[in-house]
Amino acid sequence: MKQLFSFIKKEFLHVFRDRKTLMLLFGLPVVQLTLFGFALTNEVKNAKIVVADYSKDIATKQITEKIEASKYFDVEKSLKSHDEIEAAFKTGKIKLAILFPENFNENLLHLHKAQIQIIADASDINTATTLTNYISAIVADYQRQLMKDASIPLTITPEIRMLYNPELKGEHTFIPGIMAMIMLLICVMMTSISIVREKELGTMEILLVSPFKPLMVIIAKFIPYLLISFFNITSILLISVYALELPIKGSILLLYSESLLFVVTALAIGLLISIQAQSQQTAMFGSLMATMLPTLLLSGFIFPVENMPLPLRIISNVVPSKWFFIIVKSIMIKGAGISVVWKETLVLTGMMLFFLTVSLRKFKIRLA
Amino acid sequence: MRTLRFLLQKEFRQVFRDKNLLRQILMVPIIQLLIFPWAANYEVKNISLAIVDHDHSSYSEKFISKIFSSGYFIHSDYTSSFKDAYQLIERDKADIAIEIPQGFEKNLVRENQQKIFLAVNAINGVKAIVGTGYLASIITDYNSQIRAEWVQADRFNAAPAIEITSSNWFNPLLNYKMFMVPGILAFLVTLIGGIMCSLNIVREKEIGTIEQINVTPIRKQYFILGKLLPFWIMATFVFTLGLLISRFAYGIIPQGSIVLLYAFLSVYLFAVLGMGLLISTYSDTQQQAMSISFFFIMVFNLLSGLYTPIESMPAWAKVITDFNPLRYFIEVMRMVVLKGSSFHDVSHHFLVIFLMAVVLNTWAILNYRKTT
């Protein structure tokens, strides 16, 4: 036991000696969460659009004003011809063009039918579809106003209640996802070099000839990083509550325990990478490659998992941040308890045990 | 010039000696490029509905079947009470709950007015807006059908209808892969070049071999150039592989000139690799270099407009994107590949990246000291 203690002390000295790295390990999550928490949203705001109004009557003016008034659009200027639209798209400044054909209002009043043409720059497909949907909603709203004046029989009115996020803030989907991503990446990165570094510098031999058990080596490597991660969890939660104004509706204790579970899983993944790799370069490159894109794309916080083709939906189940994302979302925003997230917790626990066992198995006490 | 040749020989040997690393550098981007673009679909569909039908009339049934025939919604469950439906939302089993009150059909016909209750999981704001938008238009549609059954033709027709036709230029089939593949490729090339390069000099520092170079008469700029070129060549190679994959696996044929893409890539790589070298000269251990480049790569990646639009970011974040080289590369890729933009359209991007390359490399050379 005393042996273990002195080894843990050694690891602490290793970690705390390198002040630059230490500062980075504490600073990174704080800066990144603040940065991404504010900057990332799947809403499309202030998109530059152009209006080509061939009709210039009261209806087109009202619709244009309505569009201008929403926070989603910045009406750049009015264009005269089709050619100008193409040129505006090519330079990449304009996202969408709205065309009102001639006699818009007249058609609307007399034929009860009028057309609006939308041309979207679909080279940025997310923006294009979102903007088109926004415009449809605005026009539908305008129509409803017209209808109201006409008082039409047999009307069904939908009464809509937006749960959990009534102001429809975009940040709410993203922050839990960003939290999961940052925690995973930093933890994997930290431990991924812990063992391979000793291999590369040659100090591993000294460890191996000692009577110290491999399990103890791994535990000793683990503990300083676990402590750092614990601080990082705290700072991440503080920022998301006080700077990003995300509520914690559920139990803080539960949130903490789940975060710890997740962090240990991530540290174990890094450990496995470290045991397998031959050089620090391979380990770091491997950990970045194995974590960055998969967590970003498959955890479901940017792109919905249910839209993916079946093979990817299956693959997404092995991404730990997917499960943690669901857990954080449920606890923080919905205020759910363990009865709701027990399945996800079980999956994470399974992953953690798996990675730890494999690491221990693979840890060789002989140098190749 | 001869010195440079020998340096290059040395660097290439080192790279090719580590077979594991080489395999990673080549295989991982290919695999990721083959898999991940399939995940990137932003479209709002497959919205799952929980339905609480208290009426069980022919009207409510018609209404429900109309919703599901639209193709945007999938069925979660029928529940007998609104509370159960709410539970489904809480467990993420449903996105929207619809409650059709008792007497739906009767009230609609007798009192000309009837409400339907919708509860929407709004954590994902965009999904909530778009999903309720779809539902609202289905309700309107259904409403006018019923009206047609009850009211004389020309009277109900008084409701004015605005029809929206939308066309999507540059990517008419709304193929998400056309949008994501060029962007992901740009990111992967940056990742390989930037990380490998930033770890390189510091590795020699940590192992101690840098002393051996420092005592030779090799000039700083040759040393830096010798470190830079192998990664430049490797990244260009990976980029070429990526273009082939996007051509043959995704059928993406660049609308614009490929020469223009390569021209931009060559300048861009100097900027990214210069940045890697700069990080390398500032750090003492590979761990430090890694943490710093990890930070920058994350920021570059997420603030590049690859996943979320730059326009929606707050003003200060937009300023950061102005200094983000990856942003320019992704923009150029998308513009040239999808829109066929010419050199004239992207000249601004060229200028910015060229300046970045000059500044970063000069800085790296100045900061690299042969003596301590």
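**Helix packing and buried residues in a predicted model**

User: At what angle do helix α10 (residues 220-248) and helix α15 (residues 343-367) of chain B pack, and how far apart are their axes?

Analyst: This is a predicted model, where local features need pLDDT of at least 70, side-chain atom pairs count only at pLDDT 80 or more, and totals for chains, interfaces and linings use all residues. Residues are numbered from 1 along each chain as written, chains are lettered from A and ligands numbered from 1 in written order, and side-chain values use heavy atoms, without hydrogens and water. Helices (H or I, at least four residues) and strands (E, at least two) are DSSP runs numbered from the N terminus, and axes are lines fitted to C-alpha atoms, for helices over the stretch in contact, with angles from 0 to 180 degrees between N-to-C directions. The α10(B) and α15(B) axes lie 9 Å apart, at an angle of about 125°.

User: Which word describes α10(B) relative to α15(B)?

Analyst: Angles under 35 degrees count as roughly parallel, over 145 as roughly antiparallel, 65 to 115 as roughly perpendicular and the rest as oblique. The angle here is about 125°. That makes α10(B), relative to α15(B), oblique.

User: Which residues of α15(B) meet α10(B)?

Analyst: Contact means heavy atoms within 4.5 Å. From α10(B) come Lys220(B), Gln221(B), Ile224(B) and Leu228(B). Their partners in α15(B) are Asn361(B), Ala364(B), Ile365(B) and Leu366(B).

User: Is α12(A) roughly parallel or roughly antiparallel to α12(B)?

Analyst: Helix α12 (residues 280-298) of chain A packs against helix α12 (residues 286-302) of chain B, with axes 12 Å apart. Their angle is about 25°. So α12(A) and α12(B) are roughly parallel.

User: Where is Leu99(A) found, and is Leu99(A) buried or exposed?

Analyst: Leu99(A) is found in strand β3 (residues 96-100) of chain A. Buried means under 20% relative accessible area, exposed over 50%, partly exposed in between (1.4 Å probe, protein chains only). At 4%, Leu99(A) is therefore buried.

User: How far apart in space are Leu99(A) and Met1(A)?

Analyst: In sequence, Leu99(A) and Met1(A) are 98 residues apart. From C-alpha to C-alpha, the distance in space is 77 Å.

User: How many disulfides are there over all chains?

Analyst: A disulfide is a covalent bond between the sulfur atoms of two cysteines. Here the rule is a pair of cysteine sulfur atoms within 2.5 Å. Over all chains, the count of disulfides is 0.

User: What is the relative accessible area of Cys197(B)?

Analyst: Cys187(A) counts as buried, at 4% relative accessibility. Cys197(B) is buried as well, with a relative accessible area of 0%.
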